[in-house]
Amino acid sequence: MKARIALAAAAVAAAVVGGGIMLSGPASAVETTLCDQYASTKVQGGEYIVQNNRWGTGAAQCIDVSDDGFTITQQEGVNSGGAPTAYPSLVWGCHYNNCTNNFSPIKASSTEFTGIGSKASMKYVSGGVWNASYDIWFDPTARKDGQNTGAEVMIWANHSGGASPVGSKVGTVTTAGGTWDVWYGNIGWNVVSYVRTSAASSVDFKVTDFYNDAVQRGYAQSSWYLTSIQAGFEPWSGGKGLGISGFAVTKGTSGSTPVVTTAAPTVPAATPTATTTTPPVTTTTTAPSTGTGTAKCTATYKVSQSWGSGFIGEVTVKNTGAATSKNWKVAWTWPASQKVVSSWNATSAQSGTKVTAASLNYNGAVSASGTTQFGMQVDGASATPKLTCSAA
């Protein structure tokens, strides 16, 4: 599975050296071929992981794995809209507790983080619908397993056939040797996509080249942790022949390239894109304001994604009292056999059909009229229960 939710795919791409020089020389020898849906293997002595990650189709896909990359040798799936068929990719870090050697999440405010970068060369094909993609994940905690809930920074080096990121365009930035359109959306976590305005096939960048811009726009925080760097392709169709070589994560000490931002940042509503499985469901419900003393809250619920066997629920908690809260709690009852399988930005507990979700140590304090959000992945038919909210 890709590092989103158990069913979700990561949409993303690659930061690029200006000029887009394709690395030349003989291809690396094939070490193994991966065809099973979620097959993976470690390369370079466990420094990196290569994963087939065919999550969005039942059709066949195979990749030939070398020591520093892979090539898609079979790709039969066709998705005409919404999510791609797969995200074959290389990984440095942790993907659902499958970690590269000796990796620990890295705090974005640390000196170590400023030196982290990556480089690779991409091989493209004509036709088809696909993107060339880096997917860089951040979480409020030093997470090694499960769904990251902070920010997903997506860096697109190239795309074909009309593939587009989640959300809407909010600006333009010049960094990492190129000019990039900036897109923003939220699907339970912030998705910030950087789409190069001219395609390039070699990549070499510092993570801070893009993360600093995301922080400046208010979409990410320096207190969050880098949990993985992933690079590969998202095919909707016609992915055979796409390849990546020379992948490496660099760990120098130099800082990031200054960024030049244009267009005022805005926060548009999320729209269905590469990272969504079905169009968002707009049904919402709001809990009455309850609480003790001056601490009160309401909770507004919506289903943002759904698929045949599950959905994503999002809850916005608003402090309707006169003073900053210390903590909050939201409760509801499912109408049938729905079951919360994971949650983020809250701790959840379920007994039968009854569920309670409570604040964590970093988001219990909500100022008067302020809001905070949490989300959950749920097994079962999409549902919109009635919520109650209490605060102290």
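Please keep in mind that the model is predicted. Its largest pocket holds about 490 Å³ of space, and its largest cavity about 50 Å³. There are 4 salt bridges in the structure.

**The largest pocket**

- A total of 24 residues line the largest pocket, and the ones closest to its centre are Thr 149, Asn 190, Gln 221, Trp 224 and Asn 345.
- S27 makes the largest contribution, with 5 residues of the lining.
- Sorted by class, the residues around the largest pocket are 14 polar, 9 nonpolar and 1 charged.

**The cavity**

- The structure has 1 cavity of 30 Å³ or more.
- Its lining is made up of 12 residues, and Cys 94, Tyr 96, Gly 146, Asn 148 and Thr 227 are the closest to the centre.
- Two elements supply two or more residues each to the lining of the largest cavity: strand S6 (89–95) and strand S16 (225–237).
- Here the lining divides into 5 polar, 4 nonpolar and 3 charged residues.
- As background, rolling a probe the size of a water molecule over the atoms is a way to show where empty space remains.

**Salt bridges**

- Asp 139 and Arg 143 form a salt bridge, with 3.1 Å between their closest N and O atoms.
- Asp 139 has a relative accessible area of 1%, so this residue counts as buried.
- Another salt bridge joins Asp 213 to Arg 217, where the closest N and O atoms are 2.8 Å apart.
- Asp 213 and Arg 217 are both buried.
- Asp 181 and Lys 169 also meet through their side chains in a salt bridge, at 3.3 Å from N to O.
- Because Asp 181 sits in S13 (residues 178–186) and Lys 169 in strand S12 (residues 168–175), this pair ties together parts that are 12 residues apart in sequence.
- Lys 169 is partly exposed, and its relative accessible area is 47%.

- In S13, 7 of the 9 residues are buried, so the strand is largely enclosed by the rest of the structure.
- Tyr 184 has Val 192 as its bridge partner in S14.
- S13 and S14 form a hairpin too, with 3 residues between them, and Gly 188 in the turn has a positive phi of about 105°.

Methods
Residues numbered from 1 in each chain as written. Predicted model: local features only at pLDDT ≥ 70, side-chain atom pairs only at ≥ 80, totals over all residues. Heavy atoms only, no water. 1 Å grid on protein atoms, 1.4 Å probe; cavity = no way out; pocket = protein on both sides within 12 Å on 5 of 7 lines; lining within 4 Å. Points joined across faces, edges and corners; volume = space filled by probe spheres on them. Helix = DSSP H or I, 4+ residues; strand = E, 2+ residues; numbered from the N terminus. Nonpolar A, V, L, I, M, F, W, Y, C, P; charged D, E, K, R; others polar. Buried < 20%, exposed > 50% of the residue type's maximum accessible area, 1.4 Å probe, protein only. Pairing = 2+ DSSP bridges.
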